[in-house]
Amino acid sequence: MALRIKKLRFPKELANIEYSLLLEEIGVSEEGSPIAGIEKTGKCIFSEKSKRIVTEDGKEITLFGKVAIEGDVAPSLKTVASGTIILNGQKYEIYSGYRPRNPDGSIFCTEFEVM
């Protein structure tokens with residue numbers, strides 16, 4: 001008897017915040033500016049939660065929340081760790097990005113911590 005792995009379902013009914021996302025590719029252009037990668041809009045889940053962290057070099061950063069978007073928003077990009085996202089008219093910088101996977105290996109959602 002084969003083991004059947006159930007794919008998790010993204011809670012679309014909770015995705016009620018409009019977003020506008022600009023992800024950057026790794027590296028810089030010849031002029032020294034970030035390389036634009038993917039631009040996308042849609043609906044997401046935004047959980048607001050303030051948290052202060054101190055980086056390795058002693059810089060204090062305030063994280064304002066976490067964003068979850070269904071599926072893989074940028075399958076052509078190796079990482080989703082830098083860029084900007086606009087939520088409720090407020091522009092946030094992406095601090096970190098994650099791509100949690102389903103048990104079958106597919107991408108469940110793309111998550112960002114924003115500052």
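## Basis of the model

Local features of this predicted model need pLDDT of at least 70 and side-chain atom pairs count only at pLDDT 80 or more, whereas totals for chains, interfaces and linings use all residues. Residues are numbered from 1 along each chain as its sequence is written, and side-chain values use heavy atoms, with hydrogens and water left out.

## Overall build

The protein has zero helices and six strands, so that its elements read β-β-β-β-β-β from the N terminus; helices (H or I, at least four residues) and strands (E, at least two) are DSSP runs numbered from that end. Its C-alpha atoms fill a box of roughly 55 × 35 × 30 Å along the principal axes.

Of the 115 residues, 33% count as buried, a term for under 20% relative accessible area with a 1.4 Å probe and protein chains only. Among contacts (heavy atoms within 4.5 Å) with a separation of 6 or more, 52% come from residues 24 or more positions apart.

## The setting of Glu 113

Glu 113 is buried yet has no salt bridge, and the nearest side chain of opposite charge, Lys 51, is 4.7 Å away; a salt bridge requires a side-chain nitrogen of Lys or Arg within 4 Å of a carboxyl oxygen of Asp or Glu.

Leaving aside neighbours within four places in sequence, the residues in contact with Glu 113 include Leu 63, Gly 65, Glu 93 and Ser 96.

Methods:
Buried < 20%, exposed > 50% of the residue type's maximum accessible area, 1.4 Å probe, protein only. Lys, Arg positive; Asp, Glu negative; His and termini not counted.
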